[in-house]
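Biologist: Hi! Could you walk me through this model?
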Amino acid sequence: TRVNENGLIEEVASNVPRLDYSDGGCPSLLLEPTATNLITYSEDFNNVSWIKSNSSVVSGFTSPSGDVSAFKLVENSTTSSHYTEVSGVTVLSGVGIERSIFVKPNGRNWVKIYNTLVGDRVNFNISTGEVGTVEGTPNSYGIEAYADGWYRIYSNVTSINTSEVFRIEIASSDNVTNYLGDGTSGIYIYGAQLEENSYATSYIPTLTGTTQTRVADTASGSGNST
């Protein structure tokens, strides 16, 4: 995928240059290494692989790609943590694992990426685009603005075994885990990605229940430094 001139994420065919407009008016040629999205249902949060705890999902909302493939993650009305997660993702041990997802506020402005295996949590304010409390020792983390109020949040942690969990947790404020939900508030979510990498590469959709790999980009006849 790339970000097009309208600020929307779109897929590009093989052997077509990815002119990316992430930085504004002048595009850059997007050249990236091989990467695989290990989340097998990156957009279908209603799939059984996404476990919901004290929450539910509703489909049919406008996504960063401009279609209606985004979901709303809604908290229930209990005092608890409210999240969705996918577990048992097979990875290599001892490598950097990058988790990323597109999010947008819908009654709640705080969300956290939570690595349940090592206890790392990174809180994000998805109304202001700021990073909140960071717990544990993630290798890196950040938040990037996209069109129509969307943000992509990401966090990197070194794997400690061969199975990973990716949890997206709603919060009522910074670093809050358990709170009384109102049954209607939550966040919009789209495009979950977990990759064995040191940073978040461009979004790789997985729509058929299998992992998807983007092979490394190469540029031929592209001139020299001069």
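Modeller: Happy to. Strands here are DSSP runs of E with at least two residues, and helices are runs of H or I with at least four, numbered from the N terminus. This is a predicted model, where local features need pLDDT of at least 70, side-chain atom pairs count only at pLDDT 80 or more, and totals for chains, interfaces and linings use all residues. Residues are numbered from 1 along each chain as its sequence is written, and side-chain values use heavy atoms, with hydrogens and water left out.

Biologist: Where is Asn156 found?
Modeller: Asn156 belongs to strand β16, residues 151-158.

Biologist: And is Asn156 buried or exposed?
Modeller: Asn156 has 2% relative accessibility, so it counts as buried. The cut-offs are under 20% relative accessible area for buried, over 50% for exposed, and partly exposed in between, with a 1.4 Å probe and protein chains only.

Biologist: What lies 2.7 Å from a polar atom of the Asn156 side chain?
Modeller: That would be the backbone oxygen of Asn197. Asn156 also touches other residues, including Gly96, Pro138 and Tyr199, not counting residues up to four places away in sequence; contact means heavy atoms within 4.5 Å.

Biologist: Switching to cavities: how many are there of 30 Å³ or more?
Modeller: The count is one, and the largest cavity holds about 40 Å³ of space. On a 1 Å grid over the protein atoms alone, a cavity is a set of points where a 1.4 Å probe fits but cannot get out, and lining residues have an atom within 4 Å of a point. Points are joined across faces, edges and corners, and the volume is the space filled by probe spheres set on them.

Biologist: Which residues line the largest cavity?
Modeller: Asn156 is one of them, and others include Ile97, Tyr114 and Asp120. β11, β12 (110-115) and β16 each supply at least two lining residues.

Biologist: Now rings: how many aromatic pairs?
Modeller: Nine. Rings of Phe, Tyr and Trp (its six-membered ring) pair if their centres lie within 6.5 Å; planes under 30 degrees apart are stacked, over 60 edge-to-face, and the rest tilted. Trp50 and Phe166 have centres 6.4 Å apart and planes at 55 degrees, so that pair is tilted.

Biologist: Why does the pair of Trp50 and Phe166 tie together parts 116 residues apart in sequence?
Modeller: Because Trp50 lies in the loop between β5 (35-37) and β6 (51-53), while Phe166 is in strand β17 (residues 163-171). Both Trp50 and Phe166 are buried.

Conventions. A polar contact is a pair of N or O atoms within 3.5 Å; within protein, one must be able to donate a hydrogen and the other to accept it, and residues adjacent in sequence count only if both atoms are side-chain atoms. On a 1 Å grid over the protein atoms alone, a cavity is a set of points where a 1.4 Å probe fits but cannot get out, and a pocket is an open set with protein on both sides within 12 Å along at least five of seven lines; lining residues have an atom within 4 Å of a point.
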